[in-house]
Amino acid sequence: MSDIAALLTWTNIRFLLEGLGLTLIISALAIACSIVLGAVISIMRGSSSRLLRGFAIAYVELFKNTPLLLWIMFTFFVAQLPPLPAAVLAFTLFTAASVAEIVRGGLASVPAGQYEAARSQGFSAPQMYLYIILPQALRNMVPALLSQFVTTIKDTSYLWGAMALQELMGRGMILMNSYNSTVQIFAIFGLMALIYFVVCFTLSQIVRAYQRRLKGAR
Amino acid sequence: MTEIFAPYKWEALFARWPDILAAFGMTAAISALALVIALVLGFVFGVFAVSRFRILRALTRVYVETVQNIPLLLQVFVLYAVFPLLGLTIASFWIGVIAIGAYHGGYMSEVVRSGIGSVHRGQFEAAKSQGFSPVQTMTLIILPQAMRIILPPLAVQAANLVKNTSVLALIAGGELMYFANSFAGDTSYYGPAYVAAAVLYFAICFPLSRAAVYLERRMGTHRHVATGDATEELAADAVEVTPGTHDITGHAAAQAMAAGVTTMVEGTSTLVPPVADKGRYLTYAELYGIDAPAWPDRRTVAPRTPRNRRGLARVRGAMGRTGGRRRGKGRRGGRK
C-alpha cells in the first residue's frame, strides 16, 4: 500500500499530466495542419487537371496503405528533423490522407442545389466555398474529424518508442524506472490507461452526441 | 538526398534478403492469425450488440469502448510488461496476434453491428414466423444479407490490421518494421530500410483497400440492401466507426453523410433510398422500381410505442410538457 502512496504523489501525477499536455499539443497541431493539407488534397482530387488528380490519388493511397510508425521513423531518421517537428510532420502527412477523404465526403454531402444556387447568385468559386459550401460541409465533417483526433491521440503513444518524446506514454515509462515494484507497475499502467480512456472516451461521446443532434436537425 | 539512398546502401539491404523475407512472412503470419481472431470477436460481439439480453449488450459496450479508447501500444505493453509479473510470459508473436486481434475485433464488431442494423426489420419477423431459432435467424437469414454492407469496411479494417502489426517493432516482434528498424540502426542506412518496408506494407495493404472499394461499388448496385429502418442509424455509424481512421472511403462518407439527400456525386443518391417517414416501410414499388405486387401496396407499421408509457407521461408531466397539462384539461372538460 505504501508503494502506491509513494507513487501517487502530486509530483508524479503532474508529471504524467504534463505528458498528456504534450500528447494533446502534438495531436492538435497535427490535426490542424492535416485539415489544411487534407483540404488541399481533396480539392486537387476534384480538380480537372489529370496531373493534380493523379497526385492526390497517389498521395491518399500511399499513406492509407503504409503504417504510421514508418512515417514517424522516416521523418525522424531519414529527414533528420528534431523530434517535435518530426512528430508533427509525420502525423500531418499521415492524417491528411484520412482528412482528405473526410473533406471529400463532406463536400459531397452538400446538396447540388446549394452549388447551383451559389453560382446563380454570382458567387465566385472561392466565395462559394467559403460562404456557402464549407460552413454546411463542416457541420457534417465535425464528427469524423473528432474521431480522427481520437485516433491521433492514441497514436501519439508511438512517439516515446520511436523518438523518445516525453508524451503521456513516455512519461509513464520514465516513472517505471523509479517505481518498479509489481504493484507500482500495475498502478502506472492503470493510470496511463485511465488517462487515455477518459480523454478519448469523452471525445467519442461528444462525437456521438453531436451526431445525434445532426440526425435530429435533419 | 542522394547520399541517403546511395546504391551501396541498397546493395547492403538486398544482401539481407532472406531476413527481409522472413520478416515479411512474420508480418503476414501475425496478420493472418490476428485477422482470424478479429473476425471471430467481431462477429460474436457484433451479434451480442443487437442481442435482447442487456448483459450481452453491456458486455459488448465495455469491450468496444475499452479497446477503442486505449492506445494499441499500451494494450500491447500490458501483455508484454504486466502479464509476466503475474507469471504469464507470452512470446511477442502471440502478443501481436492476441492484442491486435482483440483491438480490431472491437472495430469489426461495430461494423457487424451496423451491418445487422441495415437489414430490413421484416426479415427478423419473417424468420421468427417461420420458426427459425435466434441462432438460425442470425446465421442463415440476417448475416448473409448484412454481408454486403459489412464486407467493404471489413476489408478496410483488415488493411488497418496489417498496418498496426508494425507496433510490434517496439517490443522486438521480429516483423517487417522491426527488421527495418534494426537494419537501419545497425548500419545507419535509414533510407533504403524504410522505403523497402513501405513498399512491402503497401504490397499487402493496397489489394485489401482496393477490395474494399470494389466491394463498396458492387454494393451500390444492390440498392435494396440498404433499406432497413436502421438506414439512418447505419448512416451515422459509418462515420462513427471512424475512430479507426480510414474506415470510410470518400464514397461511403458521402453516402453516410448525405443519408438519402441527393448529392453531387453521381449515383450516390441511389445508394441509400430514404425511408420516407418514421414507422413506414417503403412500398414495394419504391423499393424495387417495379409495379406493386398483388398484396396491399402500402404496408404501414405503427411507430414503436415506448414500453413504459405511463412512466413517460409522468416524466413529461413533471417536465411541464403536454402529458400533465392535457390530462388536466380533460378533467375540467368532464366537470362541465
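UniProt positions are given here in the numbering of the model, and such annotations may be inferred rather than shown by experiment. On that basis, the unreviewed UniProt entry lists residues 20–51, 72–103 and 193–213 of chain B under "transmembrane region". The model examined here is predicted.

Two of the spans taken from the record were examined in the model. Residues 193–213 of chain B are 100% helix and 0% strand, and the end C-alpha atoms of this span lie 30 Å apart. For residues 72–103 of chain B, the separation between the end C-alpha atoms is 7 Å, with 72% of the span in helix and 0% in strand.

In chain A, the geometry of helix 7 was compared with that of a straight helix. Helix 7 covers residues 125–155, and its end C-alpha atoms are only 37 Å apart, whereas a straight helix of 31 residues would span 45 Å at 1.5 Å a residue. A bend of about 50 degrees is located at A:Ile133, and a proline, A:Pro135, follows within four residues.

Several loop residues were then considered. A:Ser47 belongs to the loop that joins helix 2 (10–45) and helix 3 (50–64) of chain A. With a relative accessible area of 17%, A:Ser47 is classed as buried, because the class takes in values under 20%. A polar atom of the A:Ser47 side chain is placed 3.0 Å from the backbone nitrogen of A:Ser49. When neighbours within four places in sequence are left aside, A:Ser47 is in contact with A:Leu52 and A:Arg53.

B:Ser118 counts as buried, at 2% relative accessibility. A polar atom of its side chain lies 2.5 Å from the backbone oxygen of B:Gly115.

B:Ala172 occupies the loop between helix 7 (134–164) and helix 8 (176–187) of chain B. The relative accessible area of B:Ala172 is 39%, and the residue is therefore partly exposed, this class lying between 20% and 50%. Although B:Ala172 and B:Ser92 are 80 residues apart along the chain, their C-alpha atoms are separated by 7.3 Å. Apart from neighbours within four places in sequence, B:Ala172 is in contact with B:Ser92 and B:Tyr178.

B:Leu56 is situated in helix 3 of chain B, which comprises residues 54–69. B:Leu56 is partly exposed, with a relative accessible area of 22%. Its contacts, neighbours within four places in sequence being left aside, are with B:Phe48 and B:Ser51. B:Leu56 and B:Phe179 are 123 residues apart in sequence, and the C-alpha to C-alpha distance between them is 41 Å.

Over all chains, the structure holds zero disulfides. A:Cys33 takes part in no disulfide, and the nearest cysteine sulfur, that of A:Cys200, is 20 Å away. Likewise, A:Cys200 is in no disulfide, with the sulfur of A:Cys33 as the nearest cysteine sulfur at 20 Å. A:Cys33 is partly exposed, with a relative accessible area of 33%, whereas A:Cys200 is buried, with a relative accessible area of 0%.

Note on methods
Residues numbered from 1 in each chain as written. Chains lettered and ligands numbered in written order. Predicted model: local features only at pLDDT ≥ 70, side-chain atom pairs only at ≥ 80, totals over all residues. Heavy atoms only, no water. Helix = DSSP H or I, 4+ residues; strand = E, 2+ residues; numbered from the N terminus. Buried < 20%, exposed > 50% of the residue type's maximum accessible area, 1.4 Å probe, protein only. Polar contact = N/O pair within 3.5 Å; in protein donor to acceptor, adjacent residues only side chain to side chain. Contact = heavy atoms within 4.5 Å. Expected span 1.5 Å × (residues − 1). Bend = angle between axes of the 7 residues up to and from the residue. Disulfide = S-S within 2.5 Å.
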